[in-house]
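Work through the exercises below with the sequence and the model open. Each task is followed by a solution in steps.

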Amino acid sequence: MAQTRSRIAFHDLQPDAGSFLEEVLAGLSGAQKALSPKYFYDARGCELFDAICGLAEYYPTRTEMAMMQECAPEMAMRLGPDCVLIEYGSGTSRKTRVLIAELEPCAYMPVDIAGGQLKVSAMELEAAFPRLKIIAVCADYSRLLTLPEIDTVGARRRVIYFPGSTIGNFTAPEARLFLQNARALAGAEGAMLVGVDLKKDSALLHAAYNDAQGITAEFNLNLLARINRELGANFDLSAFRHRAFYNAGAGRIEMHLESLRTQRVTLGGRSFDFRSGETIHTENSYKYSVSEFQQLARSAGFEPSACWTDPQQWFAVHLLTASR
Ligand code: AVI
């Protein structure tokens with residue numbers, strides 16, 4: 001049987017398991033126990049996040065997708081031809097398809113920490129855009145300072161696409177540093193398209209992170225299942241519950257895992273004690289007004305050059321260009 005060979009280049013820059021263990025040990029050692037949300041995305045975590053994106057209560061995905069369908073032609077016109085499109089946290093690359101179809105980049109570089117999903121979605125994209133050059137990079141994009149050497153003959157600029165309001169999962173200082181690194185990586189003619197969740201009624205936010213089917217709860221608890229499996233911990237998942245609430249002062253949704261009783265958990269030769277009601281802080285999801293985000297972008301060396309919002313003012317997509 002004739003076999004078609006994939007033309008996708010794959011670069012594995014994934015951090016080793018040692019750094020996962022070190023980060024978890026450090027996170028559980030603080031006065032407020034905390035774990036990084038980047039570790040949500042093992043194979044099961046990716047599946048659960050995908051399910052979250054389809055929930056009625058979780059408005060960001062469908063709102064941003066509708067905006068892309070409507071506004072991608074204008075975005076492509078402003079960005080111009082012949083760019084290398086780099087996507088951070090590419091996941092299923094669903095919104096990117098709409099952008100790729102309009103922008104027709106000379107190359108597409110999806111960057112994601114979840115290697116399995118990265119390969120599958122790169123292959124699906126190759127089938128949908130057979131002429132597109134794809135260079136998939138498995139890496140922690142929050143720490144990415146250089147890109148693999150690629151042949152970009154004829155490319156005019158680098159455009160970094162960061163949809164999904166994942167920027168909201170960083171604290172403000174982390175977001176500034178991340179944008180500064182992205183600015184350096186994009187270079188002098190560089191640009192960035194960033195999807196950002198807007199501040200809104202707290203009841204709507206509460207529902208989005210406390211869905212009736214309990215998928216978000218499962219997504220949150222899966223982090224403990226992953227730590228048990230990959231790092232040999234002994235978290236009892238039935239002794240923790242999902243908690244998510246809007247912290248209006250900080251302008252963010254906080255997700256926590258709350259211990260339902262006094263308990264001791266062992267991991268990496270160490271033990272960690274939990275009081276009943278004590279939490280592990282697992283995620284922040286910051287919500288920004290348009291002007292708050294523009295200010296953040298300016299402080300990182302970008303010039304806000306356009307912004308699109310949906311009719312309900314729930315979500316914004318910002319176009320940033322490198323300031324000189
Ligand atoms: C990936 N990130 C933007 C999502 C968010 O809304 O902060 C992750 C998520 N957490 C719970 N639901 C979705």
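**Exercise 1: the ligand site**

Solution. A polar side-chain atom of Y209 lies 2.5 Å from an oxygen atom of the ligand. A polar contact here is a pair of N or O atoms within 3.5 Å; within protein, one must be able to donate a hydrogen and the other to accept it, and residues adjacent in sequence count only if both atoms are side-chain atoms. The side chain of N169 places an N or O atom 2.9 Å from a ligand oxygen. For E283, a polar side-chain atom is 2.7 Å from a nitrogen atom of the ligand. Taken alone the ligand exposes 340 Å², of which the protein buries 97% (accessible areas by the Shrake-Rupley method with a 1.4 Å probe; for residues, only the protein chains shown count as cover).

These values come from a predicted model, in which local features need pLDDT of at least 70 and side-chain atom pairs count only at pLDDT 80 or more, while totals for chains, interfaces and linings use all residues. Residues are numbered from 1 along each chain as its sequence is written, and side-chain values use heavy atoms, with hydrogens and water left out.

Next, the shell. The ligand is surrounded by 14 residues, and Y58, N169, Y209, E283 and S285 are the closest (a residue is near if one of its heavy atoms lies within 4 Å). By class, the shell holds 7 nonpolar, 6 polar and 1 charged (Ala, Val, Leu, Ile, Met, Phe, Trp, Tyr, Cys and Pro count as nonpolar, Asp, Glu, Lys and Arg as charged, and the others, Gly among them, as polar). At least two shell residues come from each of α2 (43–53), α8 (215–231) and β12 (279–286) (helices, H or I with at least four residues, and strands, E with at least two, are DSSP runs numbered from the N terminus).

**Exercise 2: the sheet of β12**

Task: in which order do the strands of the open sheet with β12 stand, and what lies across them?

Solution. The order is β2-β12-β9-β8, with mixed pairing (two strands pair if DSSP finds at least two bridges between them). β2 (33–34) and β8 (240–247) are the edge strands, each pairing on one side only. β9 (residues 252–259) runs antiparallel to β12 over 7 bridges. Within that pair, M255 has E283 as its bridge partner, and E283 is also among the residues closest to the ligand. Helix α8 lies across β8, β9 and β12, at about 60° to β9 (contact means heavy atoms within 4.5 Å; axes are lines fitted to C-alpha atoms, for helices over the stretch in contact, and angles run from 0 to 180 degrees between N-to-C directions).

**Exercise 3: R183**

Task: which backbone oxygen does the side chain of R183 reach?

Solution. R183 lies in helix α6 (residues 172–186). Its side chain reaches the backbone oxygen of G301 at 3.1 Å.
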